[in-house]
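Trainee: I am new to this model and would like a close look at a single part of it. Could you pick one region and walk me through what surrounds it?

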Amino acid sequence: MKKLAFCIVVLFAGICHAMSQGWDFDSSMFENTTEQRLFLDDPAPMDLLMALHASTDVKTGQLDKLIGKLDKRSKRKAYKEWFLSEVFYKAHQYVLKEYVKHSSFNEALTTGSYDCVSGSAIYGLLLDRYGFEYEVIETDYHVFLLIHGEGDRRYIYESTEPRAGFIKDQEAVNQYISVFNTEVINGKVDQLAELGSVTSQFSEESTIYASISLRELAGLQYYNDAVHHFNDGDKEMTYRQLAKAKAIYPSERVLSLYEYIAAIQEEEKKLARR
């Protein structure tokens, strides 16, 4: 590949339901009632993906067109590699129009702007629909999809590469995965727009290479939004987004930043009481 674009990743009854799951949130934690409903009302992965910066005006027309096109072609999906290629490139034709760092899932649906998290989420939903076995791979700096084909064949969906992001050559697949080992990552740190870059301050240095679910990817999307607000100096919004990320996906990096921000807030409260 000539480049690899890294990107950073209700009502009282509903609140009671969330608390039964260990989610102790009140309405002040949410940007609006739509987010509250999507987050708390027994959410599916797509609900949680749409909850970030939720709106009642999210347009899914392009995704619907894409699914309609792929549904017709899926009858020939016995040739799985061919159909995987169709899914990848048709998604860029219909939905994923422009790579923009820190683009949410809803922005991908509405405007076509996407990053590695929202792009991978679109692909994960499509692969689920058509019955493919895959993994969402979270690394220190990036998210991509690893698809398992027949036998021991594997494929890569690199959402940020619209022309060359479907990798089917097996040697190229192995080379792509090898990029995420510690030596290569450490050698390219200055070139990366990191996924969750602030966490190096709070946790031991270790390369993350984890298989996560679409639900956990939604948590990672909240985490990325928290990092964005952290870098803008908005500790209150950082805390709110991290609390939601922690509820969905309590990974080490999420917990590390959450505990750090919570400690700052507690210290500020103590100072205010003096």
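Mentor: Let's begin with Tyr-176, which at 3% relative accessibility counts as buried (under 20% relative accessible area is buried, over 50% exposed, and in between partly exposed, with a 1.4 Å probe and protein chains only). Its place is in helix α8, residues 170-178; helices (H or I, at least four residues) and strands (E, at least two) are DSSP runs, numbered from the N terminus. This is a predicted model, in which local features need pLDDT of at least 70 and side-chain atom pairs count only at pLDDT 80 or more, while totals for chains, interfaces and linings use all residues. Residues are numbered from 1 along each chain as its sequence is written, and side-chain values use heavy atoms, with hydrogens and water left out.

From Tyr-176, step across to Glu-158: these two are 18 residues apart along the chain, and their C-alpha atoms are separated by 9.6 Å. The side chain of Glu-158 makes a polar contact of 2.5 Å with that of His-142. Such a contact is a pair of N or O atoms within 3.5 Å; within protein, one must be able to donate a hydrogen and the other to accept it, and residues adjacent in sequence count only if both atoms are side-chain atoms. His-142 sits in the loop between β3 (133-139) and β4 (143-148), and its relative accessible area of 0% makes it buried.

Those two strands belong to an open sheet of 5 strands with antiparallel pairing, in the order β6-β5-β4-β3-β7. Its edge strands are β6 (166-167) and β7 (209-212), each of which pairs on one side only. Strands pair if DSSP finds at least two bridges between them, and β5 (residues 154-157) meets β6 in the antiparallel sense over 2 bridges.

Now look at Tyr-157, whose bridge partner in β6 is Phe-166. Leaving aside neighbours within four places in sequence, Tyr-157 is in contact (heavy atoms within 4.5 Å) with residues including Leu-84, Val-87, Tyr-123, Phe-144 and Ile-147.

How many residues make up the largest nonpolar core? The number is 64, and Tyr-157 is among the four that touch the most other members, together with Tyr-123, Leu-126 and Leu-217. A nonpolar core is a set of buried Ala, Val, Leu, Ile, Met, Phe, Trp, Tyr and Cys residues joined through side-chain atoms within 4.5 Å. Helix α10 (residues 214-231) supplies the largest share of this core, 8 residues. A second, separate core of 10 residues includes Leu-146, Ile-156, Ile-177 and Val-179. In soluble globular proteins, nonpolar side chains tend to be buried together.

As for α10, 13 of its 18 residues are buried, so the helix is mostly covered. After α10 comes Gly-233, with a positive phi near 85°.
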